[in-house]
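Student: Can we go through this structure together? I would like to start with the strands.
Tutor: Fine, here it is.

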Amino acid sequence: MLGYAADMASHTHPTPSEISDVHDVVDEQLRRSRQRYTLGRRELVEVLRSTGRPVTIPELMQAGASQSQSSLYRNLAILEQCGAVHRLASTDDAARYELAEELSEHHHHVVCSMCGRIDDVVLPPAIERALSEAAKEAREQRDYLVDSHRLELVGTCAVCS
Ligand SMILES: [Zn+2]
Ligand SMILES: [Zn+2]
């Protein structure tokens with residue numbers, strides 16, 4: 001993960017919040033998929049960095065994505081294919097998009113069962129350790145090798161409650 005790598009390096013290493021660092025990673029991901037990092041894709045990465053939570057396509061446009069809707073769909077699909085962007089299902093029919101964890105930080109989601117809004121939640125280390133322990137249970141009970149985890153909390157957002 002970017003944040004971790006930056007912590008391990010010297011103080012002169014760019015922090016994960018520095019724009020160039022994230023763009024370098026996306027550029028490399030696109031290259032591996034034989035795609036170019038166009039201005040439209042760069043704009044989407046910038047807007048997704050600024051929203052602070054997974055957003056729908058209308059929300060992406062509200063947040064400043066200025067490209068046509070057809071370009072937006074195509075660019076999102078390509079960013080998703082190369083691993084830079086993740087698409088999330090929610091409790092409504094609208095897909096939501098966020099930057100992949102290696103471009104942000106490890107987090108979990110709280111989902112509104114009324115309107116489908118999703119917010120990010122960063123959990124304390126003790127809870128993360130407990131979630132890692134769950135991997136041992138999966139191995140013992142079902143013989144799975146677990147390499148990551150996701151946790152989704154479902155409730156009612158501030159607007160809907
Ligand atoms: Zn809500
Ligand atoms: Zn976690």
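Tutor: Four bridges link β3, residues 108-112, with β5, and the two strands run parallel. Strands here are DSSP runs of E, at least two residues long, and helices are runs of H or I, at least four long, numbered from the N terminus. Two strands pair if DSSP finds at least two bridges between them.

Student: Before we go on, what kind of model is this?
Tutor: This is a predicted model, where local features need pLDDT of at least 70, side-chain atom pairs count only at pLDDT 80 or more, and totals for chains, interfaces and linings use all residues. Residues are numbered from 1 along each chain as its sequence is written, and chains are lettered from A and ligands numbered from 1 in the order in which they are written.

Student: OK, which residue is the bridge partner of H109 in β5?
Tutor: E152 is the partner of H109 there.

Student: What order do the strands of the sheet have?
Tutor: The order is β4-β3-β5, in an open sheet of three strands with mixed pairing. β4 (118-121) and β5 (152-155) are at the edges with a single partner strand each, so one side of each has no neighbour in the sheet.

Student: How are neighbouring strands turned against each other?
Tutor: By 25° on average, direction ignored. The angles are between N-to-C directions of axes, run from 0 to 180 degrees, and each axis is a line fitted to C-alpha atoms, for helices over the stretch in contact.

Student: Switching to helices. Which residues of α5 are buried?
Tutor: N75, L76 and L79. A residue is buried if 20 or more other C-beta atoms lie within 10 Å of its own, exposed if 12 or fewer, and partly exposed in between, with C-beta atoms placed from the backbone.

Student: Where do they sit around the axis of α5?
Tutor: Within an arc of 100°, so the buried residues line one face of the helix. The arc is taken from the directions from the helix axis to the C-beta atoms.

Student: And which exposed residues are on the face turned away?
Tutor: S70, Y73 and A77 of α5.

Student: How do the axes of α3 and α5 cross?
Tutor: At roughly 75°, coming within 10 Å. That makes α3 roughly perpendicular to α5, a term for 65 to 115 degrees; under 35 is roughly parallel, over 145 roughly antiparallel, and the rest oblique.

Student: Which residues make that contact?
Tutor: G40, R41 and L44 from α3, with S71, N75, L76, I78 and L79 from α5. Contact means C-beta atoms, placed from the backbone, within 7 Å.

Conventions:
Two residues are in contact if their C-beta atoms, placed from the backbone, lie within 7 Å.
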